[in-house]
Amino acid sequence: MSVPEGALVSVCVLLRDRDVLHARRVAGQELEKLGARSVKKTRFVTAVSEIGRNAVMHGGGGEARIYSQVHPPCVTVVCRDKGPGIADVDAALCDGFSTAGSMGRGLGGARRLCDQMEIETTVGKGTCVTMVARL
Amino acid sequence: MSAASAIYFVEGVLLVAIQEDISDTDILDLQEALAERIVRDSARAVVMDINALEIVDTFVGRILAQLASVSKLLDAQTYVVGMRPAVAMTLVELGMDLPESKTALSLSHALQDLRGKPLA
């Protein structure tokens, strides 16, 4: 993905589940500042939660960078980890796919909840997921 | 038990208000604590108020669903109350439902439903 639109608002370290809470709070606040409606905010923050949790649980931790732009209004969250990567992204996006005994709805669900989502991943190197909410 | 949620026992019903900033660890602790309380208090129902939750993602959704299944095995009906409209819409989009839970708009709706049933 190209450079995220807007200005960098916050860099959140993602090491523990509490860190995911913080990242999603920041993303929600930025959407609120841009006047996002409740459903928009809930959808995007849920996506950030899914992806942020993946980074903590499967990626061994990482960071979330949150960008905000006023014209045209959008919030972008770039979530990066240095974990094992995803061998088959298309399969991972399908509901029901899980390597961790969970439900396997997270990644595909997150994509449906964003206006735009891109996944860059290299096996053995890590994963970077870019999520965009446009208002 | 963490301070992220408190459990109250009223009229044979365990009431839980889940706090906004509940973490994954807290909700796993809550699941365990509730299962123990159902048996210890001989509770006939569990009412979980999730109105404070701005989002319910697949992890929290799965724990809520499991909690309802565990309660059912322990002969207690689970009610999930206070779900925000945006949360309901997002859960549907995630392809999740809470099959073993009854949902009620509010705590009083849930209690009204329960009062319709004779005490065990």
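Guide: A residue counts as buried when its relative accessible area is under 20%, as exposed when that area is over 50%, and as partly exposed in between, with a 1.4 Å probe and protein chains only. This is a predicted model, in which local features need pLDDT of at least 70 and side-chain atom pairs count only at pLDDT 80 or more, while totals for chains, interfaces and linings use all residues. Residues are numbered from 1 along each chain as its sequence is written, chains are lettered from A and ligands numbered from 1 in the order in which they are written, and side-chain values use heavy atoms, with hydrogens and water left out.

Visitor: What percentage of the residues of chain B count as buried?
Guide: Chain B has 120 residues, and its C-alpha trace spans about 40 × 30 × 20 Å along its principal axes. Of those 120 residues, the share that counts as buried is 51%.

Visitor: In what pattern do the elements of chain B follow one another along the sequence?
Guide: Helices (H or I, at least four residues) and strands (E, at least two) are DSSP runs, numbered from the N terminus. Chain B has four helices and five strands. Read along the sequence, these follow the pattern β-β-α-β-α-β-α-β-α.

Visitor: Which order do the elements of chain A take, from the N terminus on?
Guide: The secondary structure of chain A also comes to four helices and five strands, and its C-alpha trace spans about 40 × 30 × 25 Å along the principal axes. From the N terminus on, the elements of chain A run β-α-α-β-β-α-α-β-β.

Visitor: What is the radius of gyration of chain A?
Guide: The radius of gyration is taken over C-alpha atoms, and the globule rule is 2.2 Å times the number of residues to the power 0.38. For the 135 residues of chain A this rule gives 14 Å, and the chain's own value is close to that, so chain A is as compact as a globular protein of that length. The radius of gyration of chain A is 14 Å.

Visitor: What share of the contacts in chain A, among those with a separation of 6 or more, joins residues 24 or more positions apart?
Guide: Contact means that heavy atoms lie within 4.5 Å. In chain B, residues 24 or more positions apart account for 71% of the contacts with a separation of 6 or more. In chain A, the corresponding share is 65%.

Visitor: Is A:T76 buried or exposed?
Guide: A:T76 is found in strand β3, residues 74-81 of chain A. Not counting residues up to four places away in sequence, A:T76 touches several others, including A:P4, A:Y67 and A:M131. Its relative accessible area is 1%, so A:T76 is buried.

Visitor: How far apart in space are A:V77 and A:T127, C-alpha to C-alpha?
Guide: A:V77 lies in strand β3 of chain A and is buried, with a relative accessible area of 1%. Among the residues that A:V77 touches, not counting those up to four places away in sequence, are A:A27, A:F44 and A:V129. A:V77 and A:T127 are 50 residues apart in sequence, and their C-alpha distance in space is 14 Å.

Visitor: Which three residues supply 29% of the area that chain B buries against chain A?
Guide: In this model, 21 residues of chain B are in contact with 25 residues of chain A. The two chains bury about 2000 Å² between them, 53% of it on carbon and sulfur atoms, where buried area is the accessible area (1.4 Å probe) that two parts lose on being put together, summed over both. The three residues that supply 29% of the area on the side of chain B, more than any other three, are B:I55, B:E93 and B:L94.
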